[in-house]
Structures are given as C-alpha cells and as structure tokens.
Amino acid sequence: MRTATYFFIFLNLSLALFEEPAVYPLPFLATSVLEVLCLLVFLGRLAHFAKVTLHSVFWKDTKNICIMVAILLSLTDLAIYGVLRLYNVRSIRWSRIVRPIFLINFAESRQIRRAFRSIRNTLPEITYVFLLFMFSLLMFSLMALKLFGERNLQTAEGLPYFRNYLEIVFDLYVLVTTANSPDVMMPAFDFSSWYALFFIAFVIVNTYIFMSLFLAVVYNNYKKHLKVMPAGACD
C-alpha cells in the first residue's frame, strides 16, 4: 500500500511535465484520465483510513481534511478546464499548486512532514539575516544608480544601463548568484576600469559573506529543530 501510494503521488506530480504548457505535451484526455485515476486512488486510500480509524479521530485530523479539499479542488479545476477547452477558451490549471499536499499529508509521509515542519520552524529565525541581506542589496542598488545612472551608459544591446532602480535591484540580485557575471559589469568597466571595484565589493559582501552566513544560519537552525522535534509530532 505504501509503495502504491508513493507511485501514484509521483505520477500525479509528474503530470506537470506533460500538461500544457509542457516539456513533453500529451493529449488532454490522456493526462486527465491519469489525474482522475490518481485522485481515485487517493480517495480510496482516504476511505481505507476512515475504515480503520475512529470516526471522531478521523475528522479531527487536519491531514485528512487537507487531502479531501485537495481532491475536491483538483476535480473542480479539471472539470472547469475541460469545459473551457471545449469552447476554445484558454485557461490555466491552477490546481497544480495543491498537488504537493498529497505528498505531505498521507500517513506514509511522516518523515517528509518532519522535514517540512523543521523548515517552517526555521523560517522565522532566518528572517533577520534575510532582511540584512536585502538591506545590503538595496543599498548597493542605490549606489549603483548614483554611480552609473547619470552617465548615459548603454548595454551591448543598446539599452539604458542602470537607470531604473528596480531593474538595478534585479540585476544585482542575479549577480549574487554570479549568473550574469561579468556581463552586468562590462558597460561600466568599459567607461572606467575603476568601476570594477564596485562590483568586486558587491560580490565579496553579498555572495561570499552574506550567502555563507545565510547558509550557516539555515543549516544550524534546521538541524536544531530536526533534533528537538519529538517523533510523534509529525503524526
């Protein structure tokens, strides 16, 4: 039963690869039949829980309520999407976001719930580090606007360079991952090689210091909550 439950949960989650817009699109009838099959299996598993569990205990368990709501929302969304498709009305399968609920709330997923609750308990404690990082990012973005915004620089595509504050924040946020390095620096570097110091300082402070600090705080707090959580807290 556990293997079958995990198989259909995996099948239900993997449908996103084959539904429009998809990596490997399949006909709507095929994906809808598979989804209905998965939901019927989940409903049968839930009925099995209700059969072997006291009535009062079953209806007080929020996990069972979440599964029933997720099944209802998925079927409703599938029906609405199918009707709109018949009339050639383009719509979005919004119920995809509820599919991970099945992975978390079944009784077989006790360890997954334990990890999920540890992550949830860790979030408030990393908020201060995250806010400090965002403050640094916003301050560097403001400095970049003052340094480069009035010099009429252009990118290689001929677009304005560092003249819009929100675009600067996004570009520097990407630079934290070094995904756009050194391209984001080149227009300023071509104007004056001294401007490279700004980007070097940004990478040192935000990528090497803040990201390392952020990772350390996340790891230590997650490990702490995982150790202190009682075994029965995930039921």
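The following exercises, with worked solutions, concern a predicted model.

**Exercise 1. Helix 1**

Determine whether the end-to-end distance of helix 1 agrees or disagrees with its number of residues.

*Solution.* Step 1: helix 1 covers residues 2–14, and its residues number 13. Step 2: the expected span is 1.5 Å times one less than the number of residues, which gives 18 Å for this helix.

**Exercise 2. The buried side of helix 1**

Classify Asn12 as buried or exposed, and identify what the buried residues of helix 1 pack against.

*Solution.* Step 1: a residue is buried when its relative accessible area is under 20%. Step 2: Asn12 has a relative accessibility of 1%, and therefore counts as buried. Step 3: Thr5, Phe8, Ile9, Leu11, Asn12 and Ser14 are the buried residues of helix 1. Step 4: these buried residues pack against helix 2 and helix 5 (100–105). Step 5: leaving aside residues up to four places away in sequence, Asn12 touches Glu35, Cys38, Phe42, Arg99 and Phe102.

**Exercise 3. The cavity**

State how many cavities of 30 Å³ or more the structure holds, and describe the lining of the largest cavity.

*Solution.* Step 2: the largest cavity holds about 90 Å³ of space. Step 3: it is lined by 14 residues, of which Glu19, Glu20, Phe28, Thr31 and Tyr81 are the closest to its centre. Step 4: by class, this lining has six nonpolar, two polar and six charged residues. Step 5: helix 2 (28–52) and helix 4 (62–86) each supply at least two lining residues; helix 2 gives the most, with four.

Key. Residues numbered from 1 in each chain as written. Predicted model: local features only at pLDDT ≥ 70, side-chain atom pairs only at ≥ 80, totals over all residues. Heavy atoms only, no water. 1 Å grid on protein atoms, 1.4 Å probe; cavity = no way out; pocket = protein on both sides within 12 Å on 5 of 7 lines; lining within 4 Å. Points joined across faces, edges and corners; volume = space filled by probe spheres on them. Nonpolar A, V, L, I, M, F, W, Y, C, P; charged D, E, K, R; others polar. Buried < 20%, exposed > 50% of the residue type's maximum accessible area, 1.4 Å probe, protein only. Contact = heavy atoms within 4.5 Å.
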